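Thank you all for coming. Please have a look at the sequence and the structure first, and then I will walk you through a few parts of it.

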Amino acid sequence: MPEVSSAVSLTSVMLFIPIVGLIILLFLREDTQREAIKYSALATSLLTFAASVLLWLGFNTSQPGLQFAQRGEWITSLNISYYVGVDGLSLLLVMLTTFIMPLAILASFRTGVLEERGRQKLYYAFMLLLEFAMLGVFVAQDLFLFYIFWEVTLVPMYFLIGIWGAEQRIYAAVKFFLYTMAGSILMLLAVLFVGTQAGTFAVPDIIAGVQNGTINFPFDGIFSTQSFLFLGFLIAFAIKVPIWPLHSWLPDAHVQAPTAGSVILAGVLLKLGTYGIVRFCLPMFPEASVAWAPVVAALAVIGIIYGAWVSYAQTDVKKLVAYSSVSHLGFVVLGIFALNQQGIAGAILQMVNHGISTGGLFLMVGMLYERRHTKALNAFGGIWKVLPVFGGISLVITLSSMGLPGLNGFVGEFTILLGSFGSQYLGFFFTLFATIGVILAAVYMLYMFQKVFMGELDKEENKNLPALHWQELAVLVPIVILIFWIGLQPGVFFSSMDASVNQLVTQVTDVAASVALR
Amino acid sequence: MFEIPTLEALNLAPALPAISLAFGVCVLLLLDLLVVPKDRKEITAWLALAGIGVSFVLNLAVFNQTADAFLGMFVADQFSGFLNIVILVGAAISILLSMDYLKRTQIERGEYYSLMLMSVSGMMFMASANDLVMVFIALELLSIPLYVLAAFRAPEAKSEESGMKYFILGAFSSAFFVYGAALIYGATGTTNLPAIFQAVTAIVAAGGSPMFLLLVGAGLLLVGLGFKVAVVPFHMWTPDVYEGAPTPVTAFMSVGAKAGGFAALLRILAVALPSFVLADGQTTAAWQQLAWLVSAATLILGNIVAIAQSDIKRMLAYSSIAHAGYIFMAVAAAGTQGMADAAVQAALLYLLAYTFTNLGAFGVAMAVEKDDGAGTRLDDFIGLAKTRPDLALMMALFMLSLTGIPLTSGFLGKFVVFKATLDAGLVPLAVIGVVTSVISAFYYVRVIVNMYLREGEGDPAAGATRYVNWGVYAAAAGTLIMGVFPVVVTNLTDAVTLAATVIR
């Protein structure tokens, strides 16, 4: 393990830009400088994005390990360090976060509920805090540091839902808080146990130790120390993803959150869970991962079909989109527990895809809501005739979400299905049922699109909807561009993670295979 | 046999921080009576703060030495040094919180500050007590002023009830403690903690009635101190006393008495009785099982009953019971051989974290409270974020810290305590700890919900006067600094070794 420099790295710079922006924000005055507050938040998030682009450009795709890493002393007596860096597993998710945030902030400019409830400074401050915490989760390489960021994401999201949400916001916010906290505090025990056993909290050191046998979490069957540690982490992640049957907080939180909140929840926060599984569960507990793979994958498949089914039954557009997340994230989990190159690479790309397309769908729902002040499916119809540009963009996003070839969703889902089919731990049936999920996705997505945009323009209220504002266009266009880019040129994105995924797969399967031989 | 000890033999230097404060109390009483004019009692408060400052500086000066005073009855080491910091910081913030509150509720009397300092000096003696007799004296010095302070709002019935209840139950618990000390003396022939330690091994090997005396004695000590720190099943007095006492007194009691009680508990268990096992070859002390059960019961009861409270002072009372349970986890962990130091360090960190956070929470509660003692319902916090965004923000911080969310001191405390518990092999207790933490989120978050999420007429928080604000700011700063830069305090606790005191 090469020594990691303690000099300030680009990762740290990017990580702390939102905090600097947050501090600047705190000095602005709510009553007189409202525009300045908005634009400084936007500028901060754009600056963060710029920094992440520098990461992307400077990233060496052939190297599997950490890059732009930094390791400094923090709490030496407990072997806890400030350790950050990116590798192929996290780079795309960092990019996703920095990409979604400016869009979410820009979308907030035209959100009515903000004008109505006020406290805009607090709102944008929470947005920046949330960006900081989410980026922190993706770049942290120390379990303690990771746990801190993980828990901190909870606080701003709780407030975003609770203060600026819809009617049931308090219920949704408290449920979100308690659900997530229940999972993560179990993870805290697992973190403590791992850290104490390993003598360090640095994840690369722990993984290296697991590889060369100096750190051993005893494993002898699906109920052993290692399995309990694995589950301690997995349950926390599963709640966040959410894996069926731990999903019941999601529809409430998504539907009650303000538009930007839903976009960030669906776009980034859910990925913290799937990312956590890839980053921590698999390489630290390889035997348990292999042993539990069929169980978790089965839950994922149930989630795929369940989510799709329930989506179709919804009469509220936002709820429909919310449940579709359960289904889509099921694919990601299935891909991860295929435990092979295609499955995991597909899963990571699908995380990005879902962030873009479901984020896009929530933006779309938000814009509809701003115009009509309802989210009921049957209140719409024939909207395409009134808003042709919006209809076209929405069609692209919808098709991307259901996985049309040539757009981004297809690439991810297809690779995941390939991976699960070829996986030595899963089998044909997993792929079969997941494929049914793909078909169902087409059903509910097209159903929604048809109800909202097509058909007769028979409702008086729908006839004079205002056209898209340039700010709204500026939010949607980057999403459409990315949808096509990933769909047509997926190789660019796969190549950034191939080396790291390859290393991860070897780490898991080697250790697992050596157990099988024993 | 009894010679009059010379001044050199007493070796007073290490005890100077505590002595200076005790001396300060006497001076303060006189000054208050003779010099300070009746209508300007805040001068007494400033003098009290100055006394605390002097003691604090002296404490820093002797921080790194380990030495005896009073012929081995008193010991100054890093353990007591750190606890003195906790106690003095807590006392200083409490005084800041008290100044305007006393005035606006018209109970401003100079004795208040003298009583408070007297109790503080009791706590400091407690932290350094190295002999059961000394512990007892310190315990009384700590408690008696608190009984008076709890009833300081007399003739209001609630406050009188509070003082009376605290006094009677406190007297009971002292009796338990003395009886326990007597039994231990009977078993070992000494009251000196290191000497008890040396006697224990032989007694355990011999077995028989001395062993029985020791067991019962240790149990009674736990009962006596359990009352002071308010753990289940000795917690019954807490909610009533906390609710009835004037709020700054409650704040002070909830952190100070706890620090003192845990100081004695940890020192007795870790210095005198760490090797007290029931049979040869066991690696866990005899009292660990008991501590384990007490801790688990405290966590479960405190956290669950807190949910049902609608009054902020009662809620914080049950929450303080719950937090005693978390610190007791560390006490239980100290029973595993080789874990004593790590567990003691964890308990110390938790105490400091809790001191900052809880004082802050009480400070905000005090700001919302009306002059007649009303305004302590949880519903009184509705809309506070609109009327007083600064106070609401800090209250939110304190609530998150009590829940144990990262970047606050509460998280650091829970982290080290859970770590110690796991390392000591008490996995079920650690699981109970985390599960109850989730439960606690429910009632702490409710305060945040009221402040930020519920619509309503905001309370003007008239009690948030300058000094209360200072106190709350100081508490918030402590909470954040401990959360973000734990090194600042872990550097101090890393040096704490109670085992070293034993070897001497």
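This is a predicted model: local features need pLDDT of at least 70, side-chain atom pairs count only at pLDDT 80 or more; totals for chains, interfaces and linings use all residues.

Before anything else we need one definition, namely that two residues are in contact if their C-beta atoms, placed from the backbone, lie within 7 Å. Residues are numbered from 1 along each chain as its sequence is written, and chains are lettered from A and ligands numbered from 1 in the order in which they are written.

Now to chain B as a whole. Chain B holds 21 helices and two strands, and its C-alpha trace spans about 70 × 55 × 40 Å along the principal axes. Of its 504 residues, 63% count as buried, and by buried I mean that 20 or more other C-beta atoms lie within 10 Å of the residue's own, whereas exposed means 12 or fewer and partly exposed is in between, with C-beta atoms placed from the backbone. Among contacts in chain B between residues at least 6 apart in sequence, 80% join residues at least 24 apart.

Within chain B, consider helix H4 (residues 78-104) and helix H14 (residues 340-368), whose axes come within 10 Å and cross at roughly 5 degrees. These axes are lines fitted to C-alpha atoms, for helices over the stretch in contact, and angles run from 0 to 180 degrees between N-to-C directions. H4(B) and H14(B) are therefore roughly parallel to each other, since angles under 35 degrees count as roughly parallel, over 145 as roughly antiparallel, 65 to 115 as roughly perpendicular and the rest as oblique. Among the residues that meet there are Phe79(B) and Tyr101(B) in H4(B), and Val344(B) and Met366(B) in H14(B). The residues of this contact divide into 14 nonpolar, four polar and no charged.

Finally, some backbone details in the loops. Gln106(B) has a positive phi of about 55 degrees although it is not a glycine, and it is found in the loop between H4 and helix H5 (111-128) of chain B. Is Gln106(B) buried or exposed? Because Gln106(B) has 9 C-beta neighbours inside 10 Å, it counts as exposed. Leu407(B), in the loop between helix H16 (389-403) and helix H17 (409-423) of chain B, also has a positive phi, near 75 degrees, but Leu407(B) counts as buried, because it has 21 C-beta neighbours inside 10 Å. A cis peptide bond joins Val232(B) and Pro233(B), with omega about 5 degrees, and in chain A the bond from Trp244(A) to Pro245(A) is cis, with omega near 5 degrees.

Key: Helices (H or I, at least four residues) and strands (E, at least two) are DSSP runs, numbered from the N terminus. Ala, Val, Leu, Ile, Met, Phe, Trp, Tyr, Cys and Pro count as nonpolar, Asp, Glu, Lys and Arg as charged, and the others, Gly among them, as polar.
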